[in-house]
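Here is a brief report on one protein chain. The sequence and structure come first, then the details.

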Amino acid sequence: MCYVDASAGLTIGADSAIAHGVTIITIEHDHHEGGRIKDAGYMCRPVTIGEDVWIGAGARILGVSIGDHSVIGSGAVVTKDIPPRSVAVGVPAKVIYERKLPAARIDEGAPHSNGDGTAYGARRS
């Protein structure tokens with residue numbers, strides 16, 4: 001089961017996958033104001049998840065944008081925007097490398113292709 005707070009806005013692109021136990025948060029207490037936490041205001045930051053993104057189990061997405069074709073590792077805590085085609089892992093999440101995708105996969109919008117014109121899992125005659 002996932003937890004999603006979309007109070008400040010949430011956009012999820014086509015062909016993205018979100019594993020179990022993921023938390024997506026768009027609003028949090030503003031602890032920068034000083035004073036008592038219970039009296040603090042809120043910070044609202046929408047979450048945007050691009051197309052063909054995979055978010056691994058147990059990841060935490062906190063008011064950020066995740067670029068198209070990116071992978072977020074299991075258990076990562078994402079506190080800053082992630083560029084397209086990135087693989088990000090850790091606490092806090094850091095980009096460890098850029099995914100190299102075939103041009104056809106990006107240009108033709110075919111994220112689930114075997115490279116021979118068939119979709120993953122498709123049976124050939």
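Ala19 is found in the loop that links strand E3 (17-18) and strand E4 (23-25). Strands (E, at least two residues) and helices (H or I, at least four) are DSSP runs, numbered from the N terminus. The model is predicted: local features need pLDDT of at least 70, side-chain atom pairs count only at pLDDT 80 or more, and totals for chains, interfaces and linings use all residues. Residues are numbered from 1 along each chain as its sequence is written, and side-chain values use heavy atoms, with hydrogens and water left out.

Ala19 and Gly56 lie 37 residues apart in sequence, yet their C-alpha atoms are 5.3 Å apart. Contact means heavy atoms within 4.5 Å. Buried means under 20% relative accessible area, exposed over 50%, and partly exposed in between (1.4 Å probe, protein chains only).

| Residue | Relative accessibility | Class |
|---|---|---|
| Ala19 | 22% | partly exposed |
| Ser86 | 4% | buried |

Beyond neighbours within four places in sequence, Ala19 is in contact with Cys2, Ile55, Gly56 and Ala57.

Ser86 lies in strand E13 (residues 86-89). Not counting residues up to four places away in sequence, Ser86 touches His69, Ser70, Val71, Val95, Tyr97 and Arg99.

Now the whole protein. One helix and 14 strands are present. Of the 125 residues, 32% count as buried. Among contacts with a separation of 6 or more, 26% join residues 24 or more positions apart.
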